[in-house]
Amino acid sequence: MANVVEQLKHLFMPKSVAVIGASRHPGKIGHEILRNLIEYGFEGKIYPINPTAEEILGLKVYPSILDVPDEVDLAVISIPAHKVPHVLEECGVKGVKTTAIISSGFGEIGNVELEREVLDIARKYGIRILGPNIIGVVYTPSKLNASFGPRDVVKGNIAFLSQSGALGIALMGWTITEEIGLSAVVSLGNKIDIDDADLLEFFYEDENTRVITIYMEGLRDGRKFMKVAAKVTKKKPVIVLKSGRSERGAKAAASHTGSLAGADRIFDAAFKQSGVLRAITFEDMFDWARALATQPPVRMNEAVIITNGGGAGVMATDAAEEYGVNLLEPSPKLIETFRKYMPEFGSPKNPVDLTGQADAKSYYGAVKAAFESEEVGAIIVLYCRTAVLDPMDMAKAVMDAVKDAKEEGYVKPIVVNLLGGEDTIKASKELNRKGIPSYPIPERAVKTLGAMIKWSKWAGYLK
Ligand code: ACO
């Protein structure tokens, strides 16, 4: 049997894709998947399959997969569940490598026999199955959007795996608004074949992915997941949002995707043992992913806070203690350096308070000094909107400091918080676009650094 990474290349980097159940009717799932495939720019061959149509969205339609005059790497199946075994059998005869079964109506509603039948056919022919009960799969480096989710997924290097289809769609939309760049969106559904561990194996090797995020309701094979996760997390951060934490939540998960959620504390212990970062909210998950995907590992847990607002500095200091971020006691030499970038009434200790009078030069100087200092392991930059410093100018000062420091060979993690109204959100977005993770409140920036420290320790960058 081919190894799982090779098999999954057919799912993520197919040369040709068939959509079985490509509908003539806009608004139907099989139509929208075909449209996404075309309009997201997939450059391989696309074969719509439908026995009752001749042409859909300008493409020639084939009555059956057996009529396609070419090899098919991936078949996306979007027909009612009871018809799936028949077409899967045909896929087997055709030599299709992988399938993504969109159809609902399997184990999640107790239809386990149908699920078994489908799996038996797949095993007979060596076909890998994603799903069933899914929204599809997206892999941005291949310009592949074989899903009925939003189309314009932003390219990046975070893989997002979701057991829930609806949450998958919703969060795809959210990542577009938040400009969070993704390498992949994988809907897992009932996971009758391809599971989280298989996908971890693929993304471990995948050079387009730096961080793996998972929305999980349950696992069929916890041991397999732990074993693979323990390996993968040494190389790439894996962030899991496992729902069903409460007893009632676990029951809801069971009826949603047929998951046996199991005792939450067992998951918690398993995640800790395998180096998985556990997020409790989506906000945490993507906050951390954004930073872990763009920043170098933390090599010294000695952070400095640079701020123009004393209050924000105090909030960040409290958060630092809560999230395991150690705040540096700067040496007299470093204190003197920071003093150059503030008025007399500023505070050069940590937090470094540039005061409300701070301008772009103060930020540039202090941030650059933090990069240059051997004492500083990580940098937290805070900004409260003032009339003397436009947020975009502040953001630009930070960007320039990061760029110049990098050119001079100084590499260390930085997280930013801009606190204020509409224009701070814009400036924050600009920082994110430049790969400098920026958040709307100080705690989120500090909590993110806390997660980076946790992972850096696990992966051996930090003692
Ligand atoms: N081969 C190829 N095409 C076929 C076949 C076949 N054997 N049989 C039927 N078709 C065609 C149909 O003619 C139809 O095309 P048309 O609209 O041009 O006539 C098309 O395939 C689709 O078939 P329908 O019978 O119309 O099925 P429909 O589109 O209504 O439903 C679907 C299929 C979407 C898979 C449905 O059964 C289903 O499972 N829906 C739920 C899917 C879902 O939500 N999945 C994710 C769950 S997660 C979440 O919460 C979002």
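**Ligand shell and an open sheet**

Trainee: How do the residues of the shell around the ligand divide into nonpolar, polar and charged?

Mentor: They divide into 12 nonpolar, 10 polar and 3 charged, with Asp, Glu, Lys and Arg counted as charged, Ala, Val, Leu, Ile, Met, Phe, Trp, Tyr, Cys and Pro as nonpolar, and the others, including Gly, as polar. This is a predicted model, in which local features need pLDDT of at least 70 and side-chain atom pairs pLDDT 80 or more, while totals for chains, interfaces and linings use all residues. Residues are numbered from 1 along each chain as its sequence is written, and side-chain values use heavy atoms, without hydrogens and water.

Trainee: OK, and what lies 2.6 Å from an oxygen atom of the ligand?

Mentor: That is an N or O atom in the side chain of Ser 23, a polar contact (N or O atoms within 3.5 Å).

Trainee: Switching topic, what is the strand order in the open sheet of 5 strands?

Mentor: The order is 16-15-17-18-19, with parallel pairing, where strands are DSSP E runs of at least two residues, numbered from the N terminus, and pairing takes at least two bridges. Strand 16 (352–353) and strand 19 (438–439) each have a single partner strand, so one side of each lacks a neighbour in the sheet.

Trainee: And how many bridges join strands 15 and 17?

Mentor: Strand 15 (residues 303–307) and strand 17 (residues 378–384) pair in the parallel sense over 4 bridges, and Ile 306 has Val 381 as its bridge partner in strand 17.

Definitions and conventions
A polar contact is a pair of N or O atoms within 3.5 Å; within protein, one must be able to donate a hydrogen and the other to accept it, and residues adjacent in sequence count only if both atoms are side-chain atoms.
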